[in-house]
Structure formats: structure tokens, C-alpha cells
Amino acid sequence: MDFSLILETQLLQSIRITLEVATDSALFEGILVNFENGFIELEETVIGYERESRSVFIALSSVNFIKVKL
């Protein structure tokens, strides 16, 4: 079995689910919007004076772990 193929399939099935994604330098939490061409797109809610959302693109090659938030 090819792990990368299994991971890509699982990510495609997890669209619209909240994920926590860690890289070497940051931790992101947001709703998985899309996975395409080796990039994860999350819609992350920025907490501050006004709540706003932003899109974050993370290369799958830079991911250390992915956690599904239930």
C-alpha cells in the first residue's frame, strides 16, 4: 500500500471537516476546503477585534501531523 495515496484519499473524504495541521513552524486549525496538487486549503478563523476568515494553503510535504477535530 502507498501511504501517500491513502492520505490523499482520506483528505479528499474529509472536506468540510475541522482539522488541526502542524508544520515545523506553525499550527493551523480550520475547515478543510480543498486538497489539490499536494496542497491543503484550510479556512481558518482569525480571532481578534473582528472575527474574520482567511484561506491558508499548506504544502503536504511540510506537514508533520494532521488531527481531526470532532
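Of the 70 residues of the chain, 27% count as buried, a class that covers residues under 20% relative accessible area, with exposed meaning over 50% and partly exposed lying in between (1.4 Å probe, protein chains only). The structure is a predicted model, in which local features need pLDDT of at least 70 and side-chain atom pairs count only at pLDDT 80 or more, while totals for chains, interfaces and linings use all residues. Residues are numbered from 1 along each chain as its sequence is written, and side-chain values use heavy atoms, with hydrogens and water left out. The predictor's confidence in each residue, pLDDT, runs from 0 to 100; the chain averages 92, and 99% of the residues score at least 70.

One helix and five strands make up the secondary structure of the chain, where helices (H or I, at least four residues) and strands (E, at least two) are DSSP runs numbered from the N terminus. Their order from the N terminus is α-β-β-β-β-β. Confidence is lowest in H1, with a mean of 90, and highest in S1, at 96.

The five strands form an open sheet in the order S4-S3-S2-S1-S5, with antiparallel pairing; two strands are taken to pair if DSSP finds at least two bridges between them. Strand S4 (52-59) and strand S5 (63-68) are the edge strands, each pairing on one side only. From one strand to the next the twist averages 40 degrees, with axes being lines fitted to C-alpha atoms, for helices over the stretch in contact, and angles running from 0 to 180 degrees between N-to-C directions. Helix H1 (residues 3-13) packs on this sheet, touching S1, strand S2 (27-36), strand S3 (39-46) and S5, and its direction makes about 95 degrees with that of S2; contact here means heavy atoms within 4.5 Å.

Strand S1 (residues 18-23) pairs with S5 in the antiparallel sense over five bridges, and S1 also pairs with S2 over five antiparallel bridges. S1 and S2 form a hairpin with three residues between them. Alanine 22 of the chain stands opposite leucine 27 in S2 and opposite phenylalanine 65 in S5, whereas valine 21 has isoleucine 66 in S5 as its bridge partner. S1 is mostly covered, as five of its six residues are buried.

Along its principal axes, the C-alpha trace of the chain spans about 45 × 25 × 25 Å. Among contacts with a separation of 6 or more, residues 24 or more positions apart account for 35%.
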